[in-house]
Amino acid sequence: MSREVTSFNPYQMAVQQFELAAKRLALSEDLREILRKPKRELTVNFPVRLDDGRIKTFTGYRVQHNVNRGPAKGGIRFSEDVSLEEVKALAMWMTWKCAVVGIPYGGAKGGVICDPKRMSSAELERLTRRYTTEISIIIGPHSDIPAPDINTNSQVMAWMMDTYSMHAGYSIPAVVTGKPLSIGGSECRNEATATGVLFATRRAVQRMGTTLQGKRVSIQGFGNAGSIAARLFAADGCKIVGVSDTQGGIYSEIGLDPATVMRYKQAHGSVVGFPGAQSIGVKDILEVPCEILIPAATEGMITVENAERIQARIIAEAANGPTTPEADRILFERGCQVIPDILANAGGVTVSYFEWVQDLQSFFWGPEEILQRLEVIINRSFDAVVELAEQHHCDLRLAANMLAISRVAEATQIRGIYP
Ligand SMILES: NC(=O)C1=CN([C@@H]2O[C@H](COP(=O)(O)OP(=O)(O)OC[C@H]3O[C@@H](n4cnc5c(N)ncnc54)[C@H](O)[C@@H]3O)[C@@H](O)[C@H]2O)C=CC1
Ligand SMILES: O=C(O)CCC(=O)C(=O)O
């Protein structure tokens, strides 16, 4: 589905968000100039042999936004909508995300323009291996560590790890995270993004003096982040009233069973048509009656066009960049609490960090230890952001960006600028 606002530019939006925080922090123009631009942008055009014998040239990107707090970190997206501007925005958000939760990474993101749903597994493997080779000049376990994002998964990470290792002549599991357990993946990484969304939302309702029990939840996007969020929120007592994917959405006042909807999606390719539920449009899912809305698809979904009609009191952003700055202002004025992407979905990169640490030490942790450490990090970060928002009478996005940007600015200044 193409986005409604055709002129939407995610990088311009990320810079707009950055400027709001930089202004509040009174950052110097020199520092702003360093922080608003990506450090490295790599574009690669590479051939892949298709199953019918034709050769097609694909375009991919890897952008490293900032590496002052540690190696660059961030996922790889396979989609027809990928663009350099999108990858630059996603890389910048990764820098702030790692900083806001205090993990020692900078930010990066990558993507390949392709339609993975129309490609065979063999074609995807060849594309992944060739793309990995092309970007291997900048990725590495101590420089830039990719992970899954839209339309990539643990299998894609296994191909990436194998390709990178083939060139070295020995296994380098720490070059990517989100791998299968059998080759150095971590317990809980597959569920980590949704688990972080749950922990952050739990903290939000706790601070409002209530619980998740009985809350109605609507979720846009039914992939890794969205479908697992549906399962975890339902297990925590919520009623999942709506879910959607690229084909459309479904709504049920009495609630949907996430496992049954998943089985239906696996059999039919979409949630649309799920028996007993009302079919609704892709964006209608954002406006259904509910207390909690989880955008878990892509950028620029909540805009001036629909912000007034959103009924949820809490928006927990599993997706990156789902809400525009203009929509943020409307939602804040309407008293809707937006738990911003860099905080709400930071569970993914946090458990990726745990995976990387485990790989580097060749010493693996159990699920209890991982979940307990993740909850501590999300709660601590959530509380720090809320306290800053209260001090500055601002929304959580501005506070989260201020906290993150001040940390990156401090690291940049303390390292100094080579004369
Ligand atoms: N996988 C991860 O660990 C993390 C993912 N995220 C973010 O979460 C969001 C979803 O990512 P994943 O669940 O990993 O991807 P996925 O590929 O597993 O699922 C994406 C879902 O969104 C739907 N979708 C995609 N484009 C859409 C559009 N234009 N309109 C409506 N629905 C659309 C798809 O149908 C699918 O159900 C992305 O913004 C991603 O950057 C954030 C942090 C970590
Ligand atoms: O797990 C990671 O390293 C990054 C995941 C990601 O791409 C994101 O948080 O947006």
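Lys97 is found in helix α3, where helices are DSSP runs of H or I of at least four residues, numbered from the N terminus. This is a predicted model, in which local features need pLDDT of at least 70 and side-chain atom pairs count only at pLDDT 80 or more, while totals for chains, interfaces and linings use all residues. Residues are numbered from 1 along each chain as its sequence is written, and chains are lettered from A and ligands numbered from 1 in the order in which they are written.

**Annotated site**
- The unreviewed UniProt entry lists Lys73, Lys97 and Ser352 under "binding site"; these positions cluster in space, with a largest C-alpha distance of 12.7 Å, although they are spread over 280 residues of sequence.
- Lys97 counts as buried because 29 C-beta neighbours lie inside 10 Å, the cut-off for buried being 20 or more other C-beta atoms within 10 Å, with 12 or fewer for exposed and partly exposed in between.
- Ser352, found in helix α11 (residues 347-361), is also buried, with 28 other C-beta atoms within 10 Å.
- Ser352 touches Lys73, Ala147, Thr177, Gly178 and Arg189, not counting residues up to four places away in sequence; contact here requires C-beta atoms, placed from the backbone, within 7 Å.

**Domains**
- Domain 1 (38-183) and domain 2 (191-344) come from the domain assignment of the chain, which is automatic or taken from a database.
- Their contact takes eight residues from domain 1 and seven residues from domain 2, and helix α3 (residues 84-100) supplies the largest share of the domain 1 side, six residues.

Definitions and conventions. Two residues are in contact if their C-beta atoms, placed from the backbone, lie within 7 Å. Helices (H or I, at least four residues) and strands (E, at least two) are DSSP runs, numbered from the N terminus. UniProt positions are given in the numbering used here, feature names are shortened, and annotations may be inferred rather than shown by experiment.
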